[in-house]
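Hello,

Here is the structure I promised to pass on to you. Have a look at it first, and then read on for what turned up.

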Amino acid sequence: MAKGKKIKRSNYSYRRKKHKARKNIIFIFVVILFVALGYFGAKFVFGRIAPENDKKATSSEVELTSEANTEDVADKPAPKDSISFINACVMSYEQVSDSESYQSFFEKAAKDGYTDVVIDLKDENGILYYKSGVELALSKDAVSDNAADLSTLIDMAKDAGLTPIARIVTLQDNIASYGTDATFLYDDTTSRWLDGVPGNGGKGWLNPYTQNARNYIADLCTELSGAGFETIILNKLQFPSNMSAHTNTLDTSGASKSEILKILVDEISEKTDAKIICQFNAESFFGENTAIYGAEPFNITSGAVLADIDTQTLSSYTLPDELKDIDFNNLTADSLGEFADYILKTNDEVMFYADKNLALALKELSDKGKIYGFVTK
């Protein structure tokens, strides 16, 4: 039988099919690519638009919220960085200790035209004239036997139309400084340094270089603020005047006197909602008698200050050129105004603490908006 002829099959058809399949795959890939690009492109575009709309909506909401709250602002108390005009008399430690006289004292103060009352609540010995719950004060028996109830004191002052202002002696403290690590030491011993011979009234002081001393004062101010005092005056915010080489400050910070006092004021301000006013000797504002502060007061605070005017002391100093025309023995509203302008170059708010015979001049000065008020001695 004849041998069949072997048919040679071409692979052309196979290659066509394979090529066609490859084209289909590429086509599908391109379609998918375009779909993906279109999807993510649209998302990107609309994503860019949406935040702008959201931003506008948020801005509108903020504006509407701000407008809606404008009526409530007037009803809220002023922030602690600002104070109202002060025209205050002083309530002494003895008067604070006599609760029976509260009503008559406050009523007379209001009748005499005062709008505020500065209430002295801690003295140079460290005695507290109110019922304190601060641990160190209780452990050192620093609370007076006739300590006032702050709620009663504050409420009765307000009922008479007066705004109560607390004042404390800050660092001169013979009680809290005793037997603690919050005081100055004598040389390198463990003995407490005193500002004089004990038998002649020498007292210990709280040492602001120690955190315990700063905490104690801050705790007292926080307590007073929590009780309802919106303003607190820090008196004796200073170092002892007779510090010597034997006074060991235990300083490891390298801070100057004014710097450590500033740290104390800042820590108090951070811990309390009350407005803090620092009281300084008036002459320190023009560079005299500043050793007890370490520098001029503006290095300690640029905020509210109460300048203690002692006309006899002030008249004994040589005044800077800007104040040379002031006669401190015959102060007037105009001359006090010049002094206020001088202090306001470095401090936001100034008040004067002066004798009653200057009250009319100070009132005139206050009415002119030169000072934020005054406290009558």
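Let me start in helix 10, where Lys363 and Asp367 sit 4 residues apart, about one helical turn. (Helices, H or I of at least four residues, and strands, E of at least two, are DSSP runs numbered from the N terminus.) The two side chains meet in a salt bridge at 3.0 Å, N to O; the term stands for a side-chain nitrogen of Lys or Arg within 4 Å of a carboxyl oxygen of Asp or Glu. Lys363 is partly exposed at 33% relative accessibility, while Asp367 is exposed at 55%. Here buried means under 20% relative accessible area, exposed over 50%, and partly exposed in between, with a 1.4 Å probe and protein chains only.

A word on the source: this is a predicted model, in which local features need pLDDT of at least 70 and side-chain atom pairs count only at pLDDT 80 or more, while totals for chains, interfaces and linings use all residues. Residues are numbered from 1 along each chain as its sequence is written, and side-chain values use heavy atoms, leaving out hydrogens and water.

Lys262 is partly exposed at 36%, and so is Asp266 at 32%.

Another salt bridge, also 2.9 Å, N to O, joins Lys370 and Asp341. Lys370 lies in the loop between helix 10 and strand 12 and Asp341 in helix 9, so the pair ties together parts 29 residues apart in sequence.

In total, there are 12 salt bridges.

Enjoy exploring!
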